[in-house]
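I opened my notebook for a first look at this structure. Come along if it is new to you too.

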Amino acid sequence: MSRKVALAVAWRSIHIFLTNPAFLAPGILFPLFFFTAFAGGLSAISSAPGFDFPSGYTAFQFVFVLLQSAAFGGVFTGFGIARDFETGFAQRYLLAARDRRGIVAGYALAALARALITWTVLTAVALVAGMQVGGDGVELLGLYGLAVLVNLTATLWAAGVAMRVRSIQGGPLMQFPVFLILFLAPVYVPLDLLSGWIHAVASVNPVTALLEAGRGFISGDPTVVALAFAIAVALPLLFSLWARGGLRRAEAAG
Amino acid sequence: MSAHTTQVGQLARRSVLRTLRQPGQIVPALIFPLFLLAVNSGGLKDATNLPGFPTSSYLTFALAVPFMQGALFSVMNAGTDLARDIETGFLNRLALTPLRGAALLGGLLAGAIVLGLVQAATYLLVGLLAGAELAAGVGGALVIVVLSVSITVAFGTLGLFVALRSGTAEAVQGMFPLFFVLLFLSSMALPLELLQTDWFHTVASINPVSYLLQAFRSLLIEGWNLGELALGFAIAAAIGAIGMTAATAALKTRLVRT
């Protein structure tokens, strides 16, 4: 029963963003824009002393933008949940669904579908732009696997916020912490080249391990894989509790 | 006091009060650029090791960026306020009074000027406290504030134009990514001469934002470079003139419609 609920919610959400350019376009254009700006505008950074990434700066930035788009795919889905609460549609979901966890699962499926579309476009653009891929099929599977888990984590976070606030005004609350944690990781250069406070913060930021593992996968030199997957699996488990709490709040609010 | 001055004064007062009463407008315009400044100046520190980089302090180089980001926020704030006036029917009520179009637009920009002043002073103060250099000294600080406010007003006129054309706050908000693209496809992170990707270098070279950034950087890094300063002020004036002309025309069309 839960599966039917999830599929129904997912189908509606996917249908909404596929048929409405205002919802579809930002999710695709923003990652492309960041990729263009970072890979194009900052390529000279790879000439800095100590910067040694075998697949080049385009691949280095591709991994960041891939994980960023994964996270923002989840956040944008959170906006959709909030909108559903504002219009009263989510309340009808709550009334109709026998197992309400299926509602959250449905939104998560929609977020994944949204991310898959973005990743397809992003990967195609990166390859056309000359991105060098050193990793083999299994390693690339590892990279996209990490992205899927990041997408799930962000969806659960945003769903938890959306179901608590139940208004699109909660948008900044969904978005800003994700933006913060992503940019407090080694975005432009490897961790070793960071110094000062940003190095200290990036060293304890869980996103750093995800980025380093992703960059290792794409260059064919896997690194911190176990740590990255441990984090990537633990985060959705943790945030599923957050989302479940949100669901209970929404149920209580009626 | 002439009727024109009174009209501008009343609307300016309303615009300033409305801006100051909306922390939702002021706080992101202050916090977001400073957060990016902190992250970028830490993360891109190694860029100063590149041959030809103009300073040994990336913070000093990056300090120009918040002034531009602040100006982009003014597009949103000025435009959103006017769009709300259109949505709520306030503009229609103003149209029944003998208010002149120029007074309306001028008065609406007063809020942007105040916000621009607060932004410029905050960015400069925080940057200097964090260790940025200011080669042009105290006089340079004043010119930075004046240039920042000029750019804020110039971009604010574009916000007014979009609001008058579309009549909805949502459309004004939708312009934000477009202006953000202008900023990112400029010499925001590296000097023009260090941009290695050919097409990016070309785009950044024709992007006026690169030269606005350079005007700030000339004061922060070099001292007094009158050529770059004049170019920065000229670009701000040109954007302001284009924006104001377009907004005036859009206002006439909107008032005819109503």
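**Ground rules.** I noted that this is a predicted model, in which local features need pLDDT of at least 70 and side-chain atom pairs count only at pLDDT 80 or more, while totals for chains, interfaces and linings use all residues. Residues are numbered from 1 along each chain as its sequence is written, and chains are lettered from A and ligands numbered from 1 in the order in which they are written.

**Chain A as a whole.** I looked up the secondary structure and found ten helices and zero strands in chain A (helices are DSSP runs of H or I of at least four residues, strands runs of E of at least two, numbered from the N terminus). The C-alpha trace spans about 60 × 35 × 30 Å along its principal axes. The radius of gyration of chain A is 19 Å, close to the 18 Å of the globule rule for 254 residues, so chain A is as compact as a globular protein of that length (the radius is taken over C-alpha atoms, and the rule is 2.2 Å times the number of residues to the power 0.38).

**Phe239(A).** Is Phe239(A) buried or exposed? I found it buried, because 20 other C-beta atoms lie within 10 Å. Phe239(A) sits in helix H10 (residues 225–253) of chain A. Not counting residues up to four places away in sequence, Phe239(A) touches Thr153(A), Leu156(A), Trp157(A) and Gly160(A) (contact means C-beta atoms, placed from the backbone, within 7 Å).

**H6 and H9 of chain A.** Next I followed helix H6 (residues 137–165) and helix H9 (residues 206–219) of chain A, whose axes come within 7 Å and cross at roughly 155° (axes are lines fitted to C-alpha atoms over the stretch in contact, with angles from 0 to 180 degrees between N-to-C directions). That makes H6(A) roughly antiparallel to H9(A) (over 145 degrees; under 35 is roughly parallel, 65 to 115 roughly perpendicular, the rest oblique). Among the residues that meet here are Leu143(A) in H6(A) and Phe217(A) in H9(A).

**Chains A and B.** Last, I noted that the contact takes 22 residues from chain A and 19 residues from chain B. On the side of chain B that touches chain A, the largest share, three residues, comes from H2(B).

Terms used:
Contact = placed C-beta atoms within 7 Å. Buried ≥ 20, exposed ≤ 12 C-beta atoms within 10 Å, placed from the backbone.
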